[in-house]
Amino acid sequence: MLIPTEPIWIDRADHLAELCARWRNQASIAVDTEFMRSETFYPIAGLLQIGDGQGCYLIDPLAIHE
């Protein structure tokens, strides 16, 4: 099985909600995080990277607002 390597950018809450519903039914996913520390002592999540065996997703937590 060939997994697409072109990442899918996620910057909308509705798209993220659809993916989260799908991921809840999976046995496992791969997660990597990147944090910004330039303007504060406390880290701020800057990027979440998810691999689910069907694709790779880059989630921008700073762009997603409910």
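Is Arg-12 buried, partly exposed or exposed? Arg-12 is partly exposed, at a relative accessible area of 47%. Buried means under 20% relative accessible area, exposed over 50%, and partly exposed in between (1.4 Å probe, protein chains only).

## Model and conventions

This is a predicted model, in which local features need pLDDT of at least 70 and side-chain atom pairs count only at pLDDT 80 or more, while totals for chains, interfaces and linings use all residues. Residues are numbered from 1 along each chain as its sequence is written, and side-chain values use heavy atoms, without hydrogens or water.

## Sheet and helix

Four strands form an open sheet in the order β1-β4-β3-β2, with mixed pairing. The edges are β1 (8-10) and β2 (30-36); each has a single partner strand, so one side of each lacks a neighbour in the sheet. From one strand to the next, the twist averages 20°. Strands (E, at least two residues) and helices (H or I, at least four) are DSSP runs, numbered from the N terminus. Two strands pair if DSSP finds at least two bridges between them.

β2 pairs with β3 (residues 44-51) in the antiparallel sense, over seven bridges. Ala-30 stands opposite Gly-51 in β3. Helix α1 (residues 13-23) packs on the sheet and touches β1, β3 and β4. Its direction makes about 135° with that of β4. Contact means heavy atoms within 4.5 Å. Axes are lines fitted to C-alpha atoms, for helices over the stretch in contact; angles run from 0 to 180 degrees between N-to-C directions.

## Salt bridges

Side chains of opposite charge can pair when their charged atoms come close. A salt bridge puts a side-chain nitrogen of Lys or Arg within 4 Å of a carboxyl oxygen of Asp or Glu. The count by this rule is two.

Arg-12 bridges to Asp-14, with the closest N and O atoms 3.1 Å apart. Asp-14 is partly exposed, at 42%. Asp-52 bridges to Arg-22, with a closest N and O separation of 2.4 Å. This pair links distant parts of the chain: Asp-52 lies in the loop between β3 and β4, Arg-22 in helix α1, 30 residues apart. Asp-52 is buried at 7% relative accessibility, whereas Arg-22 is partly exposed at 30%.

## Asp-60

Asp-60 is found in the segment after β4 (56-59). Asp-60 is buried but has no salt bridge. The nearest side chain of opposite charge, Arg-12, is 12 Å away. Lys and Arg count as positive, Asp and Glu as negative; His and the chain ends are not counted.

The Asp-60 side chain reaches the backbone nitrogen of Leu-62 at 3.0 Å. Leaving out residues up to four places away in sequence, Asp-60 touches Trp-9, Ile-10, Asp-11 and Gly-46.

Notes:
Polar contact = N/O pair within 3.5 Å; in protein donor to acceptor, adjacent residues only side chain to side chain.
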